Amino acid sequence: MIIHNLVEEHVMEGYETLQKHFPGYCGCEICRADVLVYALNRIQARYVASQEGKVITEIQLDRHQNRTDIDVILMDAFRRVTDAPRCGATGRSHSQA
Ligand SMILES: [Zn+2]
């Protein structure tokens, strides 16, 4: 059996989707880790056990509510990291020539 955190999956998904909305966001490994850690520490984990290779689709997050919560927390994380990236990136001018 594999122990699996559903919240982590949704945070990863949300990360990919939401980062497009933050053009000044750096997106390097350090910033990515900071966003994910910030969000994951603020969302209660939801663990499920599943057999190897089997995805349990019936057990999901109470979709809309929890997803919205996750998105809100992720956006907060993106804002913080975009404003003060630990890697020292200079935000908006970073990737522009
Ligand atoms: Zn960075």
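Me: In which helix does I73 lie?
Reply: This is a predicted model, in which local features need pLDDT of at least 70, side-chain atom pairs count only at pLDDT 80 or more, and totals for chains, interfaces and linings use all residues. Residues are numbered from 1 along each chain as its sequence is written. Helices (H or I, at least four residues) and strands (E, at least two) are DSSP runs, numbered from the N terminus. I73 belongs to the helix made of residues 63-83, α3.

Me: Is I73 buried, exposed or partly exposed?
Reply: A residue is buried if 20 or more other C-beta atoms, placed from the backbone, lie within 10 Å of its own, exposed if 12 or fewer, and partly exposed in between. I73 has 18 C-beta neighbours inside 10 Å, so the class is partly exposed.

Me: Which residues does I73 touch, not counting residues up to four places away in sequence?
Reply: Two residues are in contact if their C-beta atoms, placed from the backbone, lie within 7 Å. Leaving out residues up to four places away in sequence, I73 touches A39, R42 and I43.

Me: What pattern does the chain follow along the sequence?
Reply: The secondary structure comes to 3 helices and 2 strands. Read along the sequence, their order is β-α-α-β-α.

Me: What is the mean pLDDT of the chain?
Reply: pLDDT is the predictor's confidence in each residue, from 0 to 100. In the chain, confidence is highest in α2, at 97, and lowest in β2, at a mean of 82. Of the residues in the chain, 78% reach 70 or more, and the mean pLDDT is 84.

Me: Over which residues does pLDDT stay under 50?
Reply: Where pLDDT is low, the predicted coordinates should not be read in detail. For the stretch in question the model has 2 contacts beyond four places in sequence, and pLDDT stays under 50 over residues 93-97.

Me: How far apart are the end C-alpha atoms of α1?
Reply: The expected span of a helix is 1.5 Å times one less than its number of residues. For the 13 residues of α1 (residues 6-18) this gives 18 Å, which agrees with the distance between the end C-alpha atoms, 18 Å.

Me: Which residues of α1 are buried?
Reply: On the other side of α1, M12 and E16 are exposed. The buried residues of α1 are H10, V11 and G14.

Me: What arc do the buried residues of α2 fall within?
Reply: α2 has 14 residues and reaches 20 Å from its first C-alpha to its last, close to the 20 Å expected. Its buried residues are C31, D34, V35 and A39. The arc is that of the directions from the helix axis to the C-beta atoms. Seen down the axis of α2, these buried residues line one face of the helix because they fall within an arc of 115 degrees.

Me: Which residues on the other side of α2 are exposed?
Reply: The buried residues of α2 include D34 and V35. Opposite them, the exposed residues are E29, V37 and N41.

Me: Which residues does I70 touch, not counting residues up to four places away in sequence?
Reply: I70, found in helix α3, counts as buried because it has 22 C-beta neighbours inside 10 Å. I70 and V11 are 59 residues apart in sequence and 6.6 Å apart in space, C-alpha to C-alpha. Not counting residues up to four places away in sequence, I70 touches H10, V11, G14 and I43.

Me: How far apart in space are Q44 and V7, C-alpha to C-alpha?
Reply: Q44 lies in the loop between α2 and β2 (47-50). With 8 C-beta neighbours inside 10 Å, Q44 counts as exposed. Q44 and V7 are 37 residues apart in sequence, and their C-alpha to C-alpha distance is 7.6 Å.
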